[in-house]
Amino acid sequence: MIRKILLGYDGSQAADDAFRFAVELAKKYTAELHLLAVARPPELGDDVETEAVIENSRRHYDRLLGQLDARLAGEGVAAQAHVVVGHPAEQIVRYADAHGIDHIVVGHRGHTLFERWLIGSVARQVIAYAHCAVTVVRTAQPSAQAGGRQ
Amino acid sequence: MTGIWAQAALWLGLALVATLLSIGLRVATALSEIVVGTIAQLLIGAALGGVLLAGDASWLKFLAGAGAIVLTFLAGAELDPAVFRHKWKEAGAVGLVGFVSPFLVCAAAAHYLLGWSTDASWLAGVAMSTTSVAVVYAVMLEFGLNRTDYGKTVLAACFVNDLATVLALGFLFSPFSLKTLVFVAVAVVVFAILPWLTPRFFHRFGGRPSELEAKFLMLCLFGMGALASWADSEAVLPAYLIGMVLAGTVGKDHALIRRLRTLTFGLLTPFYFIRAGSLVSVPALVAAPAGLLVLLLTKMLAKVVGVYPVTKLYRSPDREAAYTTLLMSTGLTFGTISALFGLSHGVIDEGQYSALVAAVVGSAVVPTLIANAFFMPRHLLDEAVDAGDPMPPVARPQPSARRGT
């Protein structure tokens, strides 16, 4: 039984597709939906700029999650939204553990080679370290329908 | 003016390239600006002559210097006075250890291993003694430690560490004279008055499109900077202290801080960091890489020796303690400010400056790479799947022990 679903959201097209999937899933199982956005400081940071990036990123995600809240208004899904700071994969897994999440939904998006080398893909790390089921939603291609991989 | 506009366009073009690089690589813009400055000097200098970049033009030095001053002010304004008041004893002790340990070890390494003069060695100690408050703050947020006693103490300690660095830079190389006394006396009065005067002044006249707040703060920063320079000290010293004394008032005005950041990151600091990078001599670095390696390794070692035991004292778990310690080894802003101060005051030569800046850049890069390589994702590392698994199973059954189900 799925009672709590966690969506890792970053505002990308892939995350938007993941949001739609998570809402469907939440409706099907009458599950609570947790929306989590992660404000990322620079990998290699410096004094004032790191603080500025975190603040800016938090404001950005607060706005995005507010928009998701509005979209959820008529869906009849119980939801709560949070913005945390850190590396996305780690924070998603950490949040899932702390809140007893049964199922994590994340979008899959491309990363630069440098990012992959430095921290790896978010979806890949969530899959590797999560203690619950994970669905990775790939962005719809023009020639094929999007599908969740579980 | 044509030449000046062309040079300004060239420098801002470099700043734009650096910003795009920093976005692509997810690194601090300051870091990419230093690197772009170094490479630009190397390439443009070799192809067209060093005159084209003209890093010594007075207008450019002013913009760069103003960038360092305002950036330092903003760094000071990040202080949380309530936490600092609550934890000043512990933070003072930890911060002083965090400063003294790399300061003495790096100065000794520069003197005895690299054969630098006494003053140059002290300057190396100062440049390598810094830490980056915001980087540590980000780590505390990640671990959720920013609300704990441990997190607050470490953060306040970072301020003490940087304050000690700035004080050392401001007073260690200036001759003690009547000018010093005048500077200190005026500074004490200004620092005492500003927290009272500033919010009242802003409340009465501020909040208008004429940006009175920014003008007032610039007046204070440049005025005290001029006094510090007159006393043969360093302008960033009063800037940091003004930031700290105004942290509880101006520092909490997020809209004003954001406007100041726009001015700083958009115009001033690109000139500062690109100039700092352009003064690095790559041939000198290649010819004598020992300086870079010795300074970088001794800084990291000294920070570990000084900070790690303190984190353990607070019973921080091993991996969090190691991660925090590693990231306390970063310190781009004050490191480059110290190095540039040394070069412009003739304390160090071009080769020593190059080694110092490269070590400062290295201290922002190497500890983070180590931390991410060995401590990611940190809190679950012990339960990590087999590293050899190229693509672990997509869905993983939930271990019952973890949830107690």
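Predicted model: local features only at pLDDT ≥ 70, side-chain atom pairs only at ≥ 80, totals over all residues.
1. **Chain A, overall.** Chain A holds five helices and six strands. Read from the N terminus, the order is β-α-β-α-β-α-β-α-α-β-β. The chain has 150 residues, and 49% of them are buried. Look at contacts between residues at least 6 apart in sequence: 70% of these join residues at least 24 apart.

2. **Chain B, overall.** Chain B has 17 helices and zero strands. It counts 405 residues, 50% of them buried. Take the contacts in chain B with a separation of 6 or more. Residues 24 or more positions apart account for 80% of them.

3. **The nonpolar core.** Nonpolar side chains tend to be buried together in soluble globular proteins. In this model, the largest nonpolar core has 176 residues. Five residues have the most contacts inside it: A:Leu7, A:Ile104, A:Val126, B:Ala124 and B:Leu356. The element that gives the most to this core is helix α7 of chain B (residues 149–172), with 13 residues.

4. **A:Ile104 inside that core.** Which residues does A:Ile104 touch, not counting those up to four places away in sequence? The set is A:Leu6, A:Gly8, A:Ile92, A:Ala96, A:Val126, A:Ala130, A:Cys132 and A:Val134. One of these, A:Val126, is itself listed with A:Ile104 among the residues with the most core contacts.

5. **Helix α1 of chain B.** This helix covers residues 2–25. Its 24 residues should span 34 Å at 1.5 Å a residue, and the end C-alpha atoms are 34 Å apart, so expectation and model agree. The buried residues of α1(B) are B:Trp11, B:Leu14, B:Ala15, B:Ala18 and B:Ser22. After α1(B) comes B:Arg26, with a positive phi near 55°.

6. **α4(B) against α13(B).** Two packed helices are described by the angle between their axes and the distance between the axes. Helix α4 (residues 81–113) and helix α13 (residues 290–313) of chain B pack at about 150°, with axes 8 Å apart. Angles over 145 degrees count as roughly antiparallel, so α4(B) is roughly antiparallel to α13(B). The contact residues of α4(B) include B:Val94, B:Gly98, B:Ser101, B:Val105 and B:Ala109. Those of α13(B) include B:Val294, B:Thr298, B:Ala302, B:Gly306 and B:Val310. The crossing is right-handed.

7. **α4(B) against α7(B).** The axes of α4(B) and α7(B) come within 6 Å and cross at roughly 55°. That angle makes α4(B) oblique to α7(B). This crossing is right-handed.

8. **B:Ala228.** Where does B:Ala228 lie? It lies in helix α9 of chain B, residues 212–230. Is B:Ala228 buried or exposed? It has 24 other C-beta atoms within 10 Å, and therefore counts as buried. B:Gly170 is 58 residues away along the chain, yet the two C-alpha atoms are separated by 8.1 Å. Leaving out residues up to four places away in sequence, B:Ala228 touches B:Gly170, B:Phe183, B:Ser233, B:Glu234, B:Ala235, B:Leu237 and B:Pro238.

9. B:Glu211 is not a glycine, but its phi is positive, about 55°. It sits in the loop between α8 (178–205) and α9 of chain B. B:Glu211 has 15 C-beta neighbours inside 10 Å, so it counts as partly exposed. B:Asp232 is not a glycine either, and its phi is positive at about 60°. B:Asp232 is found in the loop between α9 and α10 (236–245) of chain B. With 17 other C-beta atoms within 10 Å, B:Asp232 is partly exposed.

10. **B:Gly351.** This glycine is in helix α16 of chain B, residues 350–374. B:Gly351 and B:Ala287 are 64 residues apart along the chain, and their C-alpha atoms are separated by 9.3 Å. Setting aside neighbours within four places in sequence, B:Gly351 is in contact with B:Ser281, B:Ala284 and B:Ala288.

Notes:
Residues numbered from 1 in each chain as written. Chains lettered and ligands numbered in written order. Core = buried A, V, L, I, M, F, W, Y, C linked by C-beta atoms within 7 Å. Buried ≥ 20, exposed ≤ 12 C-beta atoms within 10 Å, placed from the backbone. Helix = DSSP H or I, 4+ residues; strand = E, 2+ residues; numbered from the N terminus. Contact = placed C-beta atoms within 7 Å. Expected span 1.5 Å × (residues − 1). Axes fitted to C-alpha atoms, helices over the stretch in contact; angles between N-to-C directions. Parallel < 35°, antiparallel > 145°, perpendicular 65-115°, else oblique. Left-handed = near helix turned anticlockwise from the far one by under 90°.
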